[in-house]
Amino acid sequence: MIELGPQSVAFLFFSVFALGGALGVVTSRNLMHGALYLILSLFGVAGFFVLLSAPFLAAVQVLVYIGAIAILFIFAVMLTRGMTRLTETLNRQWWLSAVVSLMLLAVLLVGVILPVWGEGGTNPNMPSTDLVATTVDLGVALVDGDQYVLPFLVSSLLLTAAMIGAIVVARDDTE
Amino acid sequence: MVPLWMFLLVAAAMFVIGAYGVMARRNAIAILLSVELMLNAVNINLVAFWRYVTPENMSGQAFAAFVFVIAAAEAAIGLAIVIAIYRSRRSVVVEDVNLLRG
Amino acid sequence: MEQCINVIETLAPCLVASGTDPGLAQFISILLGVLLVTIFPLGGVIIFIWIERKIAARVQDRVGPNRVGPYGLFQNVADALKLITKEDITPAAADRLIYNFAPIVATLSVIMIWAVIPFSPVHIGVDLSIGVLYFVAIGSIGTLAFMMAGWASNNKYALLGAFRVVAQLVSYEIPMVLALLVPVLIAGTLSMQEMVQAQLGMWFVVMMPLSALIFYISNLAETGRAPFDLLEAESELVAGYNIEYSGMKFGLFMASEFIHAFTANALFVVIFMGGWAGPGVEQFPALGFVYFLGKTMLIYIPSLILRATVPRVRIDQMMNFNWKFLVPLSIINVLVMAFLFKVAQVLSLTPPPGLETDFIANLPLTAVLLAGNIVMIIGVLTVLRNTGRRERLEAEARRADDVRAPAPTMGR
């Protein structure tokens, strides 16, 4: 099926991180452990980006998600104290959620992924050509007038609005 | 190379685990953590499709970069709201936030 | 015979010629390369700490360690042995896994930076196409280690210390990254080796002294060196996140801090002062190593003297300095530098494609950028002077009012 080379071993390694971390996030009693499991999962995703020849996105993933967002989560866990010994982690309809999630996974797998891109599907061997675009092309794409400069500028506005909004919402008005 | 459907499988599994976390957990911060998992699964999908279908065109990676931006903004504001709610109600269990006033 | 391209690929051809399987030979040579790149900072930390203690001692008018070995050179070996043989304590209610993992993550985040530092034209761990972004990302993992340490100690002073540490580290990443944008812009690449090669004509510290200064100050804050050493403030907050750590775990935190200080100066040298560039490096690549170490020492020793002489900055002063001064300054710096670079390109002042390493061909571009920097520095100093004068006049006016009408509750 797939040859056992360094890429397959790396893929297995990173997928264990990603999925193991994800399972840890949704089943942890201690929210601090949950945040650390999220960091493990994000490392796995960064590894996937490296495997998929997107080194810039891998570095940005580590820098933004792990270096900033995960730390934000840890701060939030610490500021809302009493969250480290949760007595009940799940709400009343957890079994229904589990059933729905498993059905969703089955539908995605059997109905969409395997028939089209699986071994006997309609499009099994995607043309992974040797002409892979580099980080320079990403930089050009983000500022090129024909490409993505408008979403780029709008996202900077979005971030400014989010920053101001977060500061205003979380500010302590009793001072 | 690893076939495309394995990347898609991992991304789908991560998405489904995140969906279960959003639907089944009581704590608001745990729900936000699960939303981050779902956004990461989407990113894996985007970059995997970019690499295997159109690696010469940077649309996939640009899209993934914008997903990063949106996830960061959403995490910041979500957590600010959680902290504000904690300050007034001393609880972050989402089932307790069921009154429109007070 | 294959070319000697980097640390990894010199050994594999010899192993293959002696009959081992090529995949295994490649793996062994990669392993050896990793070991070499890791052992350099870990072994060098002994010399760094010795230099630091001697210089701090001389500044404070005393001798420093001079008993263990000639001139006290083996003092750190003795200290390491002491730390290793201490009892390994874990606080009762601490989170065991996170508590034990935090010093490892701290050391990891520092040593992984050494994979992208170029020692010579042919020796580098791995020449990533995103080298600059890589070391910024890895440096941001160190923040995580301090948070884990502060939380897992189950001690409110450790937690408070960890809050302040993380606030400082996260805040000072911003001017560091913004100051790094300018050399990346001028060199046109994120790769570390190519950034050194872009400086063969003229060092970046001459072309953009303001960016170099901002980067240096942010590095001082990121590594927790004076005057920003609130991270380990022994006299306040009882050693911060370090309280519950003793023995070799504390030793790992201390070692990682000293290695980080040296690494930050090495990065400054690579990005702004030309790394391994110097006369005669093309013929003898090993000379690059000597130049690199010499330049790093040239920058490292003033930072040690700074550490021994400057008083500590308070946390709110530190935050004000960052958000109200460094961040706006670095944004203006990026804008002005980008504008001047484009102007220089339009007026064809940049060196023509064949002559990039020529000193004379780089002079017009250097003059334009340096002039822009000097204008910005004069502007900043003027603003600072006016602000300082205004505050001083206000304080004097307030003191004059107090003298004329003393507060009624005084002397009761």
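Hi everyone. Before we start, one definition: I call a residue buried if 20 or more other C-beta atoms lie within 10 Å of its own. Please also keep in mind that this is a predicted model.

Let's begin with chain B. Of its 102 residues, 60% count as buried by that cut-off. What secondary structure does chain B have? There are 3 helices and 0 strands, and along the sequence the pattern reads α-α-α. Now, the overall form. The radius of gyration of chain B is 17 Å, well over the 13 Å that the globule rule gives for 102 residues, so the chain is more spread out than a compact globule. You can also see this on screen as a box: along the principal axes, the C-alpha atoms of chain B fill roughly 55 × 25 × 20 Å. As for contacts inside chain B, take those between residues at least 6 apart in sequence: 48% of them join residues at least 24 apart.

Next, how does chain B meet chain A? The contact takes 62 residues from chain B and 71 residues from chain A. On the chain B side, helix H1 (4–24), helix H2 (28–53) and helix H3 (59–89) each supply at least two residues. Which of them gives the largest share? That is H3(B), with 19 residues. By class, the side of chain B that touches chain A has 48 nonpolar, 8 polar and 6 charged residues.

Let's turn to the other neighbour of chain A, chain C. Here 15 residues of chain A are in contact with 17 residues of chain C. From chain A, helix H2 (31–51) and helix H3 (55–79) each supply at least two residues of that side, and H3(A) provides the largest share, 10 residues.

Last stop, chain C itself. The domain assignment gives domain 1 (1–77) and domain 2 (86–326). How far apart are the C-alpha centres of these two domains of chain C? They lie 19 Å apart. The two domains of chain C do touch: 19 residues of domain 1 are in contact with 18 residues of domain 2. On the domain 1 side, those residues divide into 13 nonpolar, 5 polar and 1 charged.

How values were computed. Residues are numbered from 1 along each chain as its sequence is written. Chains are lettered from A and ligands numbered from 1 in the order in which they are written. This is a predicted model: local features need pLDDT of at least 70, side-chain atom pairs count only at pLDDT 80 or more; totals for chains, interfaces and linings use all residues. Two residues are in contact if their C-beta atoms, placed from the backbone, lie within 7 Å. Helices (H or I, at least four residues) and strands (E, at least two) are DSSP runs, numbered from the N terminus. Ala, Val, Leu, Ile, Met, Phe, Trp, Tyr, Cys and Pro count as nonpolar, Asp, Glu, Lys and Arg as charged, and the others, Gly among them, as polar. Domain bounds come from an automatic or database domain assignment. The radius of gyration is taken over C-alpha atoms; the globule rule is 2.2 Å times the number of residues to the power 0.38. A residue is buried if 20 or more other C-beta atoms lie within 10 Å of its own, exposed if 12 or fewer, and partly exposed in between; C-beta atoms are placed from the backbone.
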